[in-house]
Amino acid sequence: MSEKKIIGLFGIGQTDICLYVASILQNTGCRVCVVDNSYEQAMHYCIPHPAEKLHTVTYRKIDYERLVPPDCWADKEYDYLLVDLGVWPMEDALRICSEIYLVMDCAAAQVARYRELMKRVELPMNVILRDVCPEAVSAKHILAMLCEENCFLVDSYVLPLAEEDVAVRFGMQYQGYRNFVHLSLPFEKLLVRMCRQLAECEISVIWRSYRRARKGECA
């Protein structure tokens, strides 16, 4: 790659997406680092690590770090730096990112709060609306609310509520992250679409990397 990409993910339930995307990108042959800058530190429970405290933990050829200041991100020698920014990110951190993904569910309070954040920071963002339950509210209605007086949503992804996705998401926090072979088809399509947007390679390479990553393999 000619230039490092810093990818920021924030909101509700972005940690598993961050791990899956990192694994796919690594399988394209790129150097990948994942940084958990969230308050929740959910990634700490997903990635195996030794008892002693290390600045960097390498797992399946991906480096994992915690609480790295934004002004240090540019110095990292990777092709991709994926940063879990937590529920409510610092605005200065968002401005450093090459791509921003807001992950959220259908809670009305979240829609209003994140819409105001998008309008205030005035940065283009991709929105991933997950755990959509059409019996309660349609994704179209949620996205229309989010776009109200807000021109900064550049792309959107919709994930219907799927028990298998929830099981993998929480299971890795207790059993460790190994693979994602049991995800729903909409989730699989989301990951391929995201990586196709982020990676500078042929779609055939993305699909091959996806198939390897979902089985827990690495390049």
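A: A residue is called buried under 20% relative accessible area, exposed over 50%, and partly exposed in between, with a 1.4 Å probe and protein chains only. The model is predicted: local features need pLDDT of at least 70 and side-chain atom pairs count only at pLDDT 80 or more, whereas totals for chains, interfaces and linings use all residues. Residues are numbered from 1 along each chain as its sequence is written, and side-chain values use heavy atoms, with hydrogens and water left out.

Strand 7 is mostly covered, as seven of its eight residues are buried. Its partner is strand 6 (residues 99-104), which runs parallel to strand 7 and is joined to it by four bridges; two strands are said to pair if DSSP finds at least two bridges between them. Within this pairing, Met 104 stands opposite Leu 129 of strand 7.

Most residues other than glycine have a negative phi, and most peptide bonds are trans. Asp 131 is partly exposed because its relative accessible area is 23%.

Val 132 also lies in strand 7. Its relative accessible area is 6%, and Val 132 is therefore buried. With neighbours within four places in sequence set aside, Val 132 is in contact with Cys 106, Val 137, Ala 139, Val 158, Leu 159, Pro 160 and Leu 161; contact means heavy atoms within 4.5 Å. By contrast, Tyr 78 is 54 residues from Val 132 along the chain, and their C-alpha atoms are separated by 34 Å.

In strand 4 (residues 62-66), four of the five residues are buried. Strand 4 pairs with strand 2 (residues 32-36) in the parallel sense over four bridges, and Val 34 has Tyr 64 of strand 4 as its bridge partner. Strand 4 is also joined by four bridges to strand 3 (residues 56-59), this time antiparallel, with Thr 56 opposite Glu 65 of strand 4. Strands 3 and 4 form a hairpin with two residues between the strands, in which Arg 60 takes a positive phi near 55°. The loop between strand 4 and strand 5 (80-84) holds Leu 67, another residue other than glycine with a positive phi, near 50°. Leu 67 counts as exposed because its relative accessibility is 56%.

Gln 173 is placed in helix 5 (residues 163-175) and counts as partly exposed because its relative accessibility is 26%. Not counting residues up to four places away in sequence, Gln 173 touches Tyr 45 and Cys 46. Gln 173 and Leu 67 are 106 residues apart along the chain, and their C-alpha atoms are separated by 19 Å. In helix 7 (residues 203-214), Ala 213 counts as buried because its relative accessibility is 1%. Ala 213 and Tyr 20 are 193 residues apart in sequence, yet 7.6 Å apart in space, C-alpha to C-alpha. Apart from neighbours within four places in sequence, the contacts of Ala 213 are Ser 23, Ile 24, Asn 27 and Phe 180.

As for the chain that holds these elements, it has seven helices and eight strands. Buried residues make up 53% of its 219 residues. Its radius of gyration of 17 Å agrees with the value near 17 Å that a compact globule of 219 residues would have; the radius is taken over C-alpha atoms, and the globule rule is 2.2 Å times the number of residues to the power 0.38. Along the principal axes, the C-alpha atoms fill a box of roughly 45 × 40 × 35 Å. Among contacts between residues at least 6 apart in sequence, 78% join residues at least 24 apart. The accessible surface comes to about 10,700 Å², of which 53% belongs to carbon and sulfur atoms; such areas come from the Shrake-Rupley method with a 1.4 Å probe, and for residues only the protein chains shown count as cover.
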